[in-house]
Structures are given as C-alpha cells and as structure tokens.
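Work through the exercises below with the model in view. Try each task before you read its solution.

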Amino acid sequence: MGKVVLDKYFWLMWLMPIVASGFSVSVQARGELFAQILLVAFYGFAFFYVFYFLLTFIPSHKITNILKGTLCLISLVLTGIDFFSAYYLHTGFTPALVGTLLATNLRETQEFMHAMLLPHWGFVCAYVLACGGFLGFVRGGGGGESI
C-alpha cells in the first residue's frame, strides 16, 4: 500500500462541485451560501479522499489512472449539468428533472434541449475551458501532494 497522492484531478473533482454549489437552488432560495459550500467541501473531500485511498490498493498504475479519469469525467459532467440546471433552469439536478425529461416523448425532450443548450452554448464552452484550463495550469500530473 502506497501513500495517498492528491493530484490535479482530485483537486478539480473537489473544487468544481464547490463552485457549482454557490449557484444551487438551496442557496438561491434560503441564501445559505457559506453553509452549503462547507457541506459540499466536507463531503466531497471525504468521498474523493476515500476513493483515492482505495486506489492505493490497486497495484497497476494503468488501471488506477483509468479509474481516476473515469471518476473525474463522471464528476465533471454531473457537476456541469447541476451547475447549468441551477443557473438557467433554477432547479436542481434531481430525479424529478430526469423523470420529467424521460417521461416526455423524444421529440419534446430534443426540442427542450435545443432550446436550452443552443442559446447558452457559451456557458458550456466556458465550463469545459475552465476545467481544461485548471488541468493545464496546475502542475503535477501523477505526483501531487501526499497526505
């Protein structure tokens, strides 16, 4: 078992939900920005740290990197959807939103996505560029801070 190394992917997966939580529905409704950020920061750090800790038991670095990349991609996609839905739709990324999209017919869902995504394409590009910029400017690909 090696040391737990927190690399730039860890920090990106941890920071993006914190930023997105500032725009969440609960902050908009109740104005509890500091409490929401602390909650997301604590639980996000705990979850991702446990994940990285469990990765230390896998001897293959290739499998470890694939799992880190997969979790990073899933985390950023879900955070992006949550951020977008909170900012533009004023709703959280909840089972109710997914259920509504799945309950309508395919044509209505496609029209809704085109009506919401195409006018806000700059937001999606800015999100992708911010994530890519973070990974590009933060030093340390595999070796990061050891805890």
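The exercises that follow concern a predicted model.

**Exercise 1. Find the two residues that form a salt bridge with a closest N and O distance of 3.5 Å, and say where in the chain they lie.**

Solution. 
Step 1. The whole structure holds two salt bridges.
Step 2. The one with 3.5 Å between the closest N and O atoms joins Lys 68 and Asp 7.
Step 3. Lys 68 belongs to helix 4, while Asp 7 sits in the loop between strand 1 (5-6) and helix 1 (8-21). They are 61 residues apart, so the pair links distant parts of the chain.
Step 4. Check the cover. Under 20% relative accessible area means buried. Lys 68 has 11%, so Lys 68 is buried. Asp 7 has 3%, so Asp 7 is buried too.

**Exercise 2. Which residue forms a salt bridge with Glu 111, and are the partners buried, partly exposed or exposed?**

Solution. 
Step 1. The partner is Arg 107, with the closest N and O atoms 3.3 Å apart.
Step 2. Look at the element. Both residues lie in helix 6 (residues 106-117). Four residues separate Glu 111 from Arg 107, about one turn of the helix.
Step 3. Apply the cut-off: exposed means over 50% relative accessible area. Arg 107 reaches 55%, so Arg 107 counts as exposed. Glu 111 has 43% and is therefore partly exposed.

**Exercise 3. Classify the aromatic pair of Phe 45 and Tyr 49 by its geometry.**

Solution. 
Step 1. Recall what to look for. An aromatic pair is described by the distance of the ring centres and the angle of the planes.
Step 2. The search of the whole structure gives 20 aromatic pairs.
Step 3. Planes under 30 degrees apart count as stacked.
Step 4. Phe 45 and Tyr 49 are four residues apart in helix 3 (residues 33-55), so about one helical turn separates them. Phe 45 is partly exposed at 28% relative accessible area. Tyr 49 is partly exposed at 22%.
Step 5. Now compare another pair. Phe 51 and Tyr 52 are edge-to-face, with 6.2 Å between centres and 65 degrees between planes. Tyr 52 is buried, at 3% relative accessible area.

**Exercise 4. Which helix supplies the largest share of the nonpolar patch on the surface?**

Solution. 
Step 1. List the patch: Leu 73, Ile 74, Val 77, Leu 78, Ile 81, Phe 93, Val 98 and Leu 102. Together they have about 700 Å² of accessible area.
Step 2. Helix 4 (61-89) and helix 5 (95-103) each give at least two residues.
Step 3. Helix 4 has the largest share, with five residues.
Step 4. Take one member from helix 5: Val 98. Val 98 is partly exposed, at 33% relative accessible area.

**Exercise 5. Is Ser 75 buried or exposed, and which residues does Ser 75 touch?**

Solution. 
Step 1. Ser 75 is part of helix 4.
Step 2. The relative accessibility of Ser 75 is 9%, so Ser 75 counts as buried.
Step 3. Leave out residues up to four places away in sequence. Ser 75 then touches Met 13 and Phe 48.

Methods:
Residues numbered from 1 in each chain as written. Predicted model: local features only at pLDDT ≥ 70, side-chain atom pairs only at ≥ 80, totals over all residues. Heavy atoms only, no water. Patch = residues over 30% accessible without salt bridge, like charges linked within 9 Å, V, L, I, M, F, W, Y side chains within 5 Å. Areas by Shrake-Rupley, 256 points an atom, 1.4 Å probe, with all protein chains shown as cover. Salt bridge = Lys/Arg side-chain N within 4 Å of Asp/Glu carboxyl O. Buried < 20%, exposed > 50% of the residue type's maximum accessible area, 1.4 Å probe, protein only. Phe/Tyr/Trp six-rings, centres within 6.5 Å; stacked < 30°, edge-to-face > 60°. Contact = heavy atoms within 4.5 Å.
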